[in-house]
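Here is a short note for a colleague opening this structure for the first time. Please read the points in order, with the model in view.

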Amino acid sequence: MNRNQVLPQVELSADPKALSRIDFCAPQSYQGSGFLEISALPRLTEEASSIEPGDGFHWELKTHFADSPGSEPRQILKLAVKGRIHLVCQSCLQDCGLDLAQESRFVMVATEDEADAFPMEDDQQEPLVASQHFDLLGLIEDEILLSMPLIPKHPEGACQPHASSFSEGGEASDTPEKPQNPFNILKNMKKN
């Protein structure tokens, strides 16, 4: 019998406070979507260089149970986030609006030991330890943070490098003169 046919499906609230305590141990599946403003995500608020109207992330989640060889069916969680955040461009050091998108798939496991034993070669899905008070809001924020570039920049050619950066423009203005050829220095030492 397909477990998904007999389990109730719960619609998740879009309220950020309600997303911080989801019971993933209950025998039910979930679905939901919503929009989170940057101000509802404290770690993203710290990263943002500015917050413009409309900045934030749409999220969509759906879970289902899948058969697992040798054990009970496991809950599979699919999460997609898409939105916009402003960060400091590391080239021009000015405000830079970035559109980000991330899709992830997780398998819910019962214990930390099960998560540690999860096959590393399965890069299509990561294990998450289910709990009765699972912080889904924290997971959504984690996925957004993971989708952020290590070095945020405007698209190529959209900005001028800042004079203090290590780019070609900065080096040209900071380099006083061409260094002397070391062989010429040795030649002059030999003459003396």
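1. Of the 192 residues of the protein, 33% count as buried. Buried means under 20% relative accessible area, exposed means over 50%, and partly exposed lies in between (1.4 Å probe, protein chains only). The protein exposes about 12,700 Å², and carbon and sulfur atoms supply 51% of that area. Accessible areas come from the Shrake-Rupley method with a 1.4 Å probe; for residues, only the protein chains shown count as cover.

2. A word on the source. This is a predicted model: local features need pLDDT of at least 70, side-chain atom pairs count only at pLDDT 80 or more, and totals for chains, interfaces and linings use all residues. Residues are numbered from 1 along each chain as its sequence is written, and side-chain values use heavy atoms, with hydrogens and water left out.

3. The protein has seven helices and six strands. Helices (H or I, at least four residues) and strands (E, at least two) are DSSP runs, numbered from the N terminus. From the N terminus on, the order is α-β-α-β-α-β-β-β-α-β-α-α-α. Contact means heavy atoms within 4.5 Å. Among contacts between residues at least 6 apart in sequence, 58% join residues at least 24 apart.

4. Now the salt bridges. A search of the whole structure finds four. The term means a side-chain nitrogen of Lys or Arg within 4 Å of a carboxyl oxygen of Asp or Glu. Arg43, Glu141 and Asp142 are linked in a network of salt bridges.

5. Arginine 43 forms a salt bridge with glutamate 141, with the closest N and O atoms 3.4 Å apart. This pair links distant parts of the chain: arginine 43 is in helix α3 (residues 42–47), glutamate 141 is in helix α5 (residues 136–147), and they are 98 residues apart. Arginine 43 also meets aspartate 142 in a salt bridge (2.8 Å, N to O). Arginine 43 lies in helix α3 and aspartate 142 in helix α5, so this pair ties together parts that are 99 residues apart in sequence.

6. Arginine 43 counts as partly exposed, at 36% relative accessibility. Aspartate 142 is partly exposed too, with a relative accessible area of 32%.

7. A further salt bridge joins the side chains of glutamate 114 and arginine 74 (3.1 Å, N to O). Glutamate 114 lies in helix α4 (residues 112–116) and arginine 74 in strand β4, so the pair ties together parts that are 40 residues apart in sequence. Glutamate 114 is partly exposed at 30% relative accessible area. Arginine 74 is partly exposed at 21%.

8. Next, the pocket. Rolling a probe the size of a water molecule over the atoms shows where empty space is left. On a 1 Å grid over the protein atoms alone, a pocket is an open set of points where a 1.4 Å probe fits, with protein on both sides within 12 Å along at least five of seven lines; lining residues have an atom within 4 Å of a point. The largest pocket has a volume of about 290 Å³. Of the 16 residues that line the largest pocket, Pro73, Arg74, Met108, Val109 and Ala110 are the closest to its centre. A volume is the space filled by probe spheres set on the points, which are joined across faces, edges and corners.

9. What lines the largest pocket, by class? Ten residues are nonpolar, two polar and four charged. Ala, Val, Leu, Ile, Met, Phe, Trp, Tyr, Cys and Pro count as nonpolar, Asp, Glu, Lys and Arg as charged, and the others, Gly among them, as polar. β4 (71–88) and β5 (95–109) each supply at least two residues of the lining. β4 gives the most, with five residues.

10. Serine 68 is found in strand β3 (residues 56–68). Serine 68 is buried, with a relative accessible area of 16%. Not counting residues up to four places away in sequence, serine 68 touches Pro73 and Arg74.

11. Last, check leucine 93. Most residues other than glycine have a negative phi. Leucine 93 has a positive phi of about 60° although it is not a glycine. Leucine 93 sits in the loop between β4 and β5.
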